[in-house]
Amino acid sequence: MATHYDYFEHGADIGVVGRGATVEQAFAAAAAATFAIMVEPESVRPVASCEVAFDEDDIELALARGLSALLAQAREQRLALARFELAREGSHWRGRAWGEPWCDAHRRGTEVKGATLTALSVAPEAGGWQARCVVDV
């Protein structure tokens, strides 16, 4: 199953859906969907990176926590991010994202403030996994 993302309607906010062969790939796709709301991914060069790490037993809460951690790192380091990887050992999650500092060449979209617990779901589906939640814009 290829890793990809999609969106679903939710009032004033936006629902993101990530799909992948593994939970980790589905989470990375959900991160890609989240950051694609803010910047056109093709316009971002992978010249800088940031990392996140956290412990979370609940797989659904891990999705919201991971997305929020990536958003915080991007804000703190003033990065536009477009490529994501995630690894898990038990309840310990480690993620890395690549991008570049924001510049005039980036067409800015809508700012994502954080991941919410609304419509939060991580579940197996045919051929892989689906990770979804609503992000606050």
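Phe54 has Trp93, over in strand 5, as its bridge partner. That bridge belongs to a predicted model, so treat everything below as computed from it. Strand 3 (48-55) and strand 5 (residues 92-101) pair in the antiparallel sense, with 8 bridges between them.

- Three strands make up an open sheet, ordered 3-5-4, and the pairing is antiparallel.
- Strand 3 and strand 4 (79-89) sit at the edges, each pairing on one side only.
- Going from one strand to the next, the twist averages 20 degrees.

**Helices on the sheet**
- Helix 1 lies across strand 4 and strand 5, and runs at about 165 degrees to strand 4.
- Helix 2 (residues 59-77) also packs on the sheet, where it touches strand 3, strand 4 and strand 5.
- The direction of helix 2 makes about 145 degrees with that of strand 3.

**Glu24**
- You'll find Glu24 in helix 1 (residues 23-36).
- Glu24 counts as buried because its relative accessibility is 17%, and the cut-off for buried is under 20%.
- The Glu24 side chain makes a polar contact of 3.3 Å with the side chain of Arg88.
- Leaving out residues up to four places away in sequence, Glu24 touches Leu86, Ala87 and Arg88.

**Pro41**
- Pro41 is in the loop that links helix 1 to strand 3.
- With a relative accessible area of 22%, Pro41 is partly exposed.
- Pro41 and Ala82 are 41 residues apart along the chain, yet their C-alpha atoms are separated by 5.1 Å.
- Again leaving out residues up to four places away in sequence, Pro41 touches Tyr5, Ala36 and Ala82.

Terms used
Residues numbered from 1 in each chain as written. Predicted model: local features only at pLDDT ≥ 70, side-chain atom pairs only at ≥ 80, totals over all residues. Heavy atoms only, no water. Helix = DSSP H or I, 4+ residues; strand = E, 2+ residues; numbered from the N terminus. Buried < 20%, exposed > 50% of the residue type's maximum accessible area, 1.4 Å probe, protein only. Polar contact = N/O pair within 3.5 Å; in protein donor to acceptor, adjacent residues only side chain to side chain. Contact = heavy atoms within 4.5 Å. Pairing = 2+ DSSP bridges. Axes fitted to C-alpha atoms, helices over the stretch in contact; angles between N-to-C directions.
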